[in-house]
Amino acid sequence: MQATPAEALIAPGSLGRTIISETAVAKVAGIAARSVPGVYSLGSGSRALGAIRDAVGSSDHAAGVRAEVGETQVAVDINLVAVYGQPLHDLANKVRAAVYKAVEDLVGLEVIEVNIEINDVYVAPPVKPGASRPLATERELLQ
């Protein structure tokens, strides 16, 4: 007799089952995506809103990430803003690889797809002649 997907989650001799929420998977995927150099921010909202959120210290690791979790598989959708100068297809492939690895290693579910939408490109403001360069933001230090 073949085990159903629900029975497959319960190991023989275990005392229960484990459920991993879509929010938990989205956070793992979001942290992995942000770790890739060339990702300015995640989310489809305006950069101004993201800058305000960053300034007040909000760190919603799942912003811009949506996960669909099944019994043993997961699909992830990511919206991001790239840093100008990054080859966009290459950046998407690096983000995709980082998300696959993090979700499969940390969550233990098979990733069936990671869809990436690059909805904007961040262009750093020009440095005015004679003015000292402002202190680097935390995001710039991570790049």
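This is a predicted model: local features need pLDDT of at least 70, side-chain atom pairs count only at pLDDT 80 or more; totals for chains, interfaces and linings use all residues.
In which sense do β3 and β4 pair, and over how many bridges?

**View A. Pairing of β3 with β4.** The two strands β3 and β4 run in the parallel sense and are joined over eleven bridges. Within this pairing, alanine 82 has valine 121 of β4 as its bridge partner. Together with helix α4 (residues 88-107), β3 and β4 make a β-α-β unit that is right-handed. Strand β3 (residues 73-83) is mostly covered, nine of its eleven residues being buried.

**View B. Hairpin of β2 and β3.** Three residues lie between β2 and β3 in this hairpin. Strand β2 (residues 65-69) runs antiparallel to β3 and is joined to it by five bridges. Valine 65 has its bridge partner in β3, namely isoleucine 78.

**View C. Pairing of β1 with β3.** Three bridges connect β1 and β3, which pair in the antiparallel sense. Opposite serine 41 stands valine 81 of β3.

**View D. The one aromatic pair of the structure.** The ring centres of tyrosine 40 and tyrosine 122 are 3.8 Å apart and the ring planes lie at 5 degrees; the pair is therefore stacked, since planes under 30 degrees apart count as such. The pair links distant parts of the chain: tyrosine 40 belongs to strand β1 (residues 39-42) and tyrosine 122 to strand β4 (residues 110-122), with the two tyrosines 82 residues apart. Tyrosine 40 counts as buried because its relative accessibility is 18%, under the 20% cut-off. Tyrosine 122, with a relative accessible area of 16%, is buried as well.

Note on methods. Residues are numbered from 1 along each chain as its sequence is written. Side-chain values use heavy atoms; hydrogens and water are left out. Rings of Phe, Tyr and Trp (its six-membered ring) pair if their centres lie within 6.5 Å; planes under 30 degrees apart count as stacked, over 60 as edge-to-face and the rest as tilted. Helices (H or I, at least four residues) and strands (E, at least two) are DSSP runs, numbered from the N terminus. Buried means under 20% relative accessible area, exposed over 50%, partly exposed in between (1.4 Å probe, protein chains only). Two strands pair if DSSP finds at least two bridges between them. A crossover is right-handed if, with the strands pointing away from the viewer, the path from the first strand over the helix to the second runs clockwise.
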